[in-house]
Amino acid sequence: CSKTVSFGNAVLLDAPDYLDYFAKDPETEVIAMYIEGVKDGPRLMTSLKKAAKKKPVVVWKGGTTAAGGRAVYSHTASLATAPAIWDAAMRQAGVIQTENLDETIDAVKALVHCKPTTGRGMGLVAMTGGQSVVITDAFGREGLDVPLLTDKSYEQLASFFNIIGGSYRNPLDAGGTIGMGFVPGNLQKLFDILEEDKNIDAVAMEVSGTFIARRMRQHPAMLDGFVELLAKQREQSKKPFLAIAHPSHLEDIMLEIRTRLLERGVATFTSFQAAARAMSQAICYWRRRAGRE
């Protein structure tokens, strides 16, 4: 986080002033803002459009319901904006809209830590059959694709993938291949295959509390190696890479895993839905920048 500002009722400086500043600030890669009301709509739109052409802008609007609008008025004396009008204005400005603090942070996380792509093809790595289905649903609901891999990829996977209780069509049900003891060589092979597959534009991996975290608690060196492998994948891959580490019933070790991965620049999320939403928002922004939407 390069800089933060809280400006209350905006008596002297308002949101457009800060947007103009952060748009020019070389230390700021992504701008995220919470806003309740608008004093000068045309000026705000001008600042948002200019900023969004230079770097991603994430906007979380408070007071989008009738009750919320009343709360906004009592808080900052700002008048509510009709949701449909606000939504259309934000789309015109080219910004990313979020609905709460967690979603805002997740969107920023994806924009800062994931490499840009305009493609929607996801390569998904899960640890069980059930999770393979759930992660696919989550990314599909957000408008992302989970395509079949190329024939070459399937030939390579067939040489080592454990298909007893697993599947490698995409999503990759990889628990049996990676193993309860965590086989880094096989995981690296999976990453290499997805990296070369032309149908895949981005990769998301489930970090399972059941399969991985418990063993890592018993063997700390395993966690070191795991973090290093995922950090290396994020750095060397040309495609966006993200991890999903559910709190599960092992929140302490999962929190440590998320913290360590984020420290190494790996975008890490607490649920499939959060990861899918953030990735979809980031891809939509990159596609707009490239003139594809």
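# Pockets, residues and cores

Q: What is the volume of the largest pocket?
A: The largest pocket has a volume of about 1,100 Å³. The volume is the space filled by probe spheres set on grid points, which are joined across faces, edges and corners.

Q: What kind of model do these values come from?
A: This is a predicted model, in which local features need pLDDT of at least 70 and side-chain atom pairs count only at pLDDT 80 or more, while totals for chains, interfaces and linings use all residues. Residues are numbered from 1 along each chain as its sequence is written, and side-chain values use heavy atoms, leaving out hydrogens and water.

Q: What makes a space a pocket, and which residues lie closest to the centre of the largest one?
A: A pocket is an open set of points on a 1 Å grid over the protein atoms alone, where a 1.4 Å probe fits and protein lies on both sides within 12 Å along at least five of seven lines; lining residues have an atom within 4 Å of a point. The largest pocket has 40 lining residues, and T4, V5, A32, M33 and Y34 are the closest to its centre.

Q: Which elements each supply at least two residues of the lining of the largest pocket?
A: They are α1 (15-24), β1 (31-35), α3 (66-76) and α5 (101-113). Of these, α5 gives the most, with seven residues. Helices (H or I, at least four residues) and strands (E, at least two) are DSSP runs, numbered from the N terminus.

Q: What is known of the second largest pocket?
A: It holds about 570 Å³ of space. Its lining has 21 residues, with D87, R91, I96, Q97 and R277 nearest the centre. Two or more lining residues come from each of β2 (57-61), α4 (83-93), β3 (96-98) and α13 (272-289).

Q: Why is Q281 called buried?
A: Its relative accessibility is 7%. Buried means under 20% relative accessible area, exposed over 50% and partly exposed in between (1.4 Å probe, protein chains only), so Q281 counts as buried. Q281 is found in helix α13. Beyond four places in sequence, Q281 touches I96, Q97, T98, E103 and A107, where contact means heavy atoms within 4.5 Å.

Q: How do you know whether E29 is buried or exposed?
A: The value for E29 is 55%, so E29 is exposed. E29 lies in the loop between α1 and β1. Leaving aside neighbours within four places, E29 is in contact with K55 and P56.

Q: What makes a set of residues a nonpolar core, and how many residues has the largest?
A: A nonpolar core is a set of buried Ala, Val, Leu, Ile, Met, Phe, Trp, Tyr and Cys residues joined through side-chain atoms within 4.5 Å. The largest here has 40 residues, and those with the most contacts inside it are L157, L172, L187, L190, M205, L230 and I257. Helix α11 gives the most to this core, with seven residues. Another core, of 30 residues, lies apart from it and includes I96, L242, A274 and I283.
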